[in-house]
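Dear colleague,

Here is the structure that I promised to hand over, with my notes on it set out below. Please read them with the model open beside you.

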Amino acid sequence: MGKEDRMKKKVVFFTELSRLHDALENFDIQGFTGKTVPVKLHMGEIKNKYFLKPDFVKIVVDELKNQNISPYLFDTTVAYSGLRHSKLGYQKVTKLHGFTKIGCDVVIDDTGKFVTVEDREYEVADHLVESSHIFALSHVKGHIVTGMGGAIKNFGMGGVTKETKQKMHHGSKPVYHEDACTYCGLCAKVCPFNAIEIKEKTWKISTKACFGCGVCVDACKSKALDHRGADFQYVLACAAKACVQGKNVIYLNEVKRIARSCDCDPFAGPIICPDIGYLVSDDPVAIDKASLDLIHKIKPDIFEKENHISPFKQIKYGEEIGLGSSSYELVEL
Ligand code: SF4
Ligand code: SF4
């Protein structure tokens, strides 16, 4: 075995849930025994059709219970308005979506503690800070801000408080340099929120509509746009690291119902790739890279085409800051 092979992280791939037990045996699931463990997942926006289904989550929860682990479902409140903005509202959504009937508690956090990564502070949800062991259940699908959402996104946005979520978006809003602008209109064309308007020789942004995704900054070939603070996918990877560093985490990605947009979106668009299956790993970068590679085998560059942004940026940044490794060995069950 060469040096490169030894550094590869294991990612287990399977298509039948009956192999879940065998998949988990490849990782330190025994270390979770006897512990109360948050199962970090997104329980779906109202009207979204594609979020993780309670029947699937119940199978995972039952498997954890069989291994003498005490799981509870866990997520955080969101920055935008709607039911999931408050703890009470999100609890109502979990009931509506059937997550209160699967035989374990459902906990929603609205407060956190600050953790510093790469000189920036991220307020990580209390229950994650307090847990030594975490089980991550992530639905892999498209995302209009990050190209794709998987394990990194599940923590980078889903593991921090709504105040930190807001700050991360604000810090990625564009700064405009008029002298470099050619008024080509590309930024306005790619903006998923129609926040930019160009009329003759005027460039205007609606700061209210802008979500701070940074797609326009990447699109501008004339260097007329910069990130206010940092690229959104960079702070996403840093926030994910703030949530999981020093913890024992097992990640399970469900690569199914792959829509153009995410589970926060009531109108997530059409399915853009056939169902693939499930992956398990103890490395969030490796599992997201493996998920992306499997999707690209069937639909090359699908997220770049649909969302005008590379999903590989979060992988690259995640590797650079030591969140995980993009080098992996895929073990098929
Ligand atoms: S893409 Fe760049 S150069 Fe083109 S209009 Fe937008 S800011 Fe100006
Ligand atoms: S950062 Fe995103 S939402 Fe804001 S103007 Fe640019 S493309 Fe639009």
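I begin with Arg84, which counts as buried because its relative accessibility is 2%, under the 20% cut-off. Please keep in mind throughout that this is a predicted model, and that the values given here are computed from it.

Glu45 lies in the loop between E2 and helix H3 (54-66), whereas Arg84 lies in the loop between strand E3 (70-76) and helix H4 (87-96), so the pair ties together parts that are 39 residues apart in sequence. Glu45 is likewise classed as buried, at 8% relative accessibility. In general terms, side chains of opposite charge can pair when their charged atoms come close.

The structure holds 14 salt bridges, and a few others deserve a description. Asp126 and Lys113 meet through their side chains in a salt bridge, at 2.7 Å from N to O. This pair, too, links distant parts of the chain, since Asp126 belongs to helix H5 (residues 126-129) and Lys113 to strand E5, 13 residues apart.

A salt bridge within one helix is formed by the side chains of Lys289 and Asp293, at 2.9 Å from N to O; both residues lie in helix H11, 4 residues apart, which is about one turn of the helix. Asp293 is partly exposed, its relative accessible area being 23%. Elsewhere, Glu197, Lys199 and Lys204 are joined into one network by salt bridges that share partners.

Turning to the domains, the domain assignment divides the chain into domain 1, made up of residues 3-167 + 232-332, and domain 2, made up of residues 173-227. The C-alpha centres of domain 1 and domain 2 lie 30 Å apart, and the contact between them involves 6 residues of domain 1 and 8 residues of domain 2. The size of an interface is often given as the accessible area lost when the parts come together. For domain 1 and domain 2 the area buried between them is about 670 Å², with 67% of it on carbon and sulfur atoms. On the side of domain 1, Ile144, Val145 and His308 supply 54% of the area that this domain buries against domain 2, more than any other three residues.

What charged pairing is found across the interface of domain 1 and domain 2? The rule finds 1 salt bridge there. In the model, the side chains of Lys313 and Asp218 meet in a salt bridge, with 2.5 Å from N to O. Between domain 1 and domain 2 the count of residue pairs in polar contact, with both residues at pLDDT 80 or more, is 1. By class, the side of domain 1 that touches domain 2 consists of 4 nonpolar, 1 polar and 1 charged residues.

Another residue to look at is Lys40, which is found in strand E2 (residues 36-40). Is Lys40 buried or exposed? Lys40 is buried, and its relative accessible area is 1%. Its side chain is joined to that of Asp75 by a polar contact of 2.8 Å. Leaving aside neighbours within four places in sequence, the residues in contact with Lys40 include Phe74, Asp75, Ile134, Phe135, Asn154 and Phe155.

Finally, there are two backbone features to check. Asp119 has a phi near 70°, a positive value in a residue other than glycine, and its place is in the loop between strand E5 (112-117) and strand E6 (120-125). Asp119 counts as exposed, at 77% relative accessibility. Asp301 also has a positive phi, of about 55°, although it is not a glycine; this residue is placed in the loop between helix H11 (284-298) and helix H12 (302-307). With 39% relative accessibility, Asp301 counts as partly exposed.

Note on methods:
Residues numbered from 1 in each chain as written. Chains lettered and ligands numbered in written order. Heavy atoms only, no water. Domains from an automatic or database assignment. Contact = heavy atoms within 4.5 Å. Buried area = accessible area lost by both parts, 1.4 Å probe. Salt bridge = Lys/Arg side-chain N within 4 Å of Asp/Glu carboxyl O. Polar contact = N/O pair within 3.5 Å; in protein donor to acceptor, adjacent residues only side chain to side chain. Nonpolar A, V, L, I, M, F, W, Y, C, P; charged D, E, K, R; others polar. Buried < 20%, exposed > 50% of the residue type's maximum accessible area, 1.4 Å probe, protein only.
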